[in-house]
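I opened a new structure today and kept notes as I went. The entries below follow the order of my look-ups.

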Amino acid sequence: MSNGMQDEAAQAARQAALNYHEFPKPGKLEIRATKPLATGRDLSRAYSPGVAEACLEIKADPATAARYTSRGNLVAVISNGTAVLGLGNIGALASKPVMEGKAVLFKKFANIDCFDIEVNENDPEKLAEIVCSLEPTFGAINLEDIKAPDCFIVERICRERMNIPVFHDDQHGTAIVVGAAATNAMIVAGKKFADIKLVSTGGGAAGIACLEMLVKLGVKRENIWLCDLEGLVYQGREAQMTPQKAAFAQGTAPATLAEVIKGADMFLGLSGPGVLTPEMVATMTKKPIIFALANPNPEILPDAARAVAPDAIIATGRSDFPNQVNNVLCFPFIFRGALDVGATTINDEMELACIEGIAALARQTTSAEAAAAYQGEQLTFGPDYLIPKPFDPRLIGVVASAVATAATQSGVAARPLSDPEAYKSKLDGSVFRSALLMRPVFEAARTATRRIVFAEGEDERVLRAANAMLEETTDVPILIGRPEVVEARCERYGLGIRPGRDFHLVNPENDPRYRDYWGTYHELMARRGVSPDIARAIMRTNTTAIGAVMVHRDEADSMICGTFGQYHWHLNYIRQILARDGRHAVAALSMMILEDGPLFIADTHVNAEPTPQQVMETAMGAARHLRRFGLTPKVALCSQSQFGNMDNRSGRVMREALELLDAREPDFAYEGEMNVDTALDQGLRDRQLPGGRFEGAANVLVFASADTASGVRNILKMRAGGLEVGPILMGMGNKAHVVTPAITARGLLNMSAIAGTPVSHYS
């Protein structure tokens, strides 16, 4: 690329960044009310006189501020702008975009509310005084971009005087992520902290904090060699010295980085570009660990280091190289855990728990969500994957729960955890929105071990779901697919599972049961136009039919198919083989998880224009399924007609279905026919038909056509942020479920739990 083109690209990127900050409204944050303020009654509660009650409760017991105000979930990001990114001392006002960005990350990754506060004060003691005076407002303080050594002074004063967590992220956040990456680098290199020689460049806040953390992890202080612009930090040196640097002084004579790097096991750079040369790397030990963290240009580029040390284990601060040391892996989650237990400080135990949580997560199988966010990258634990990616949704559950547990055990939690596992489940539910609703289903599934066959066993989502099944359930996955393809894809996706050892595999091209399978299929279909030759061909090519035959022959308890292809194509083979002994496909039920709770939609796929009898069966089946999720069903029969005011098809179908339900006298609430808004709004319903059959909003919407049901489902998914669980195929005795091509790996895991639930739990 020519210089002119590079200049144009840089200018375009600059303008795009400015536009991002300016439009559609300036900045990256706004404040929204969390309570209604639409009536005089709301106003009297939000402000005078009702607000006085909350004030008096807090005056009587300050701890209740976490109950009646936002303080318990509110963090201040505070800076004076004296050391902003690589921009240096740009001042408090110019630092505001960075602080707003930090606040956005708190919200995005840990749902923590945040105010950014930029302070025009360069005197560290006066700045500390200002920060301390803010304690009544916040549950925790995140100090940011304050130059060294002032940052040490500010943090020390604030920690001594404040009874809430104070955390300088540039120091401790960096140190925690470096600690996690170094922990795993030691495992990969086969080295131990206690045995290594460590050379570091950069004696600023982050560098000193990282060294102190590595000492806590086991590196011997006498094995650490710290260099800065003046060379080696040695005893008696006067130029550019601070007490923090002096704690790592080595020897009594000057030396250069090139001299002290010889024989080093690890290099830690938090300094500037080009500081470490390939010639220096060549003098390090085998499998050198090189953390070149200067941004945007590291102390040495990975390719240059590997040119002389191909076995080097390298981390940088950049996202375009493997092993990015990024503070976002730490600070949202350490604050989440600290806030949730009302920690009075963030201590060593909490920081070490954070390190172990991050490091352990990288050693686990990569989550499907992280793999989707970082397509094309190899996310398998090893030299190029020492720490998780920031968008791994498991971070909040693993790290925040480890921090909260450590706070509880070390005695700094005002609200100690009583059930760490329940707390972790709650955190997982905040990112995996289906987690809490699916919990009773998973618990029911664990009461028995069922064999679940996946028709599309070569699909990455299926492989990840099978891996998760083995980790989270007692069910046995069976995959249909070619062995060489399944093996290769498990390897490519970094999955430790293998066919034959961890799950059963059916090879459609060469399975010893092939003769039995096509014979079974022919026996079932012989008088429905299927010849032996057709049966043989189907059992060689049609994995859905193979899965259904396995269930019919009791070689599997349930099957899941549909990750590609058309729904009714799959349903056709399920009906052919499994719709017998009273089983028939009643309807497809989709659970849509919305911000204000779940809403179930039916029939989204099975019956194009259901009869009244089919609508009645759909309502009955949906009610049974809601109880499996621990919900009380309230079923609305939806139509363009409103309680008999139109004589159209949907109205007639729903009126007759209502009569059929009345004749059955079911033990759940139902009402219809009515519009969707009427079903969801008690006030509208009361105006149309006072004294209806249930109170509040319906949680099941049954429609008179699949087009309408599917349309509502897709609008809720694409425009309202709804997360789908399903579709659940009702009426087949839990022997088969047809999903849709849009399903995720977690969606398949959820469906496997539904398929893994014994039929007794459906009643």
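**Entry 1: around I141**

I began with I141 and set aside its neighbours within four places in sequence. I found I141 in contact with A76, I78, V131, M162, I164, P165, V166, F167 and F335. I note that this is a predicted model.

**Entry 2: the cores**

Next I looked up the largest nonpolar core, which has 101 residues. I141 and F291 touch the most other members there. Which helix gives the most to this core? I found helix α8, residues 169–189, with 10 residues. I also noted a second, separate core of 58 residues. V486, A622, L748 and A753 are among its members.

**Entry 3: aromatic rings**

I searched the whole structure and got 8 aromatic pairs. I picked F167 and F335. Their ring centres are 5.6 Å apart and their planes stand at 85°, so I logged the pair as edge-to-face. The pair links distant parts of the chain. F167 sits in strand β4 (residues 166–168), F335 in helix α14 (residues 331–340), and 168 residues separate them. Are F167 and F335 buried or exposed? I found both buried. I then saw that F167 and F335 form one aromatic cluster with F106 and F331.

How many cavities of 30 Å³ or more does the structure hold? I counted 1. The largest cavity has about 50 Å³ of space. I listed its lining: V506, N507, P508, D511, Y514, Y517, M539 and I546. By class, I recorded 6 nonpolar, 1 polar and 1 charged residues in that lining.

Terms used
Residues numbered from 1 in each chain as written. Predicted model: local features only at pLDDT ≥ 70, side-chain atom pairs only at ≥ 80, totals over all residues. Heavy atoms only, no water. Core = buried A, V, L, I, M, F, W, Y, C linked by side-chain atoms within 4.5 Å. Buried < 20%, exposed > 50% of the residue type's maximum accessible area, 1.4 Å probe, protein only. Helix = DSSP H or I, 4+ residues; strand = E, 2+ residues; numbered from the N terminus. Contact = heavy atoms within 4.5 Å. 1 Å grid on protein atoms, 1.4 Å probe; cavity = no way out; pocket = protein on both sides within 12 Å on 5 of 7 lines; lining within 4 Å. Points joined across faces, edges and corners; volume = space filled by probe spheres on them. Nonpolar A, V, L, I, M, F, W, Y, C, P; charged D, E, K, R; others polar. Phe/Tyr/Trp six-rings, centres within 6.5 Å; stacked < 30°, edge-to-face > 60°.
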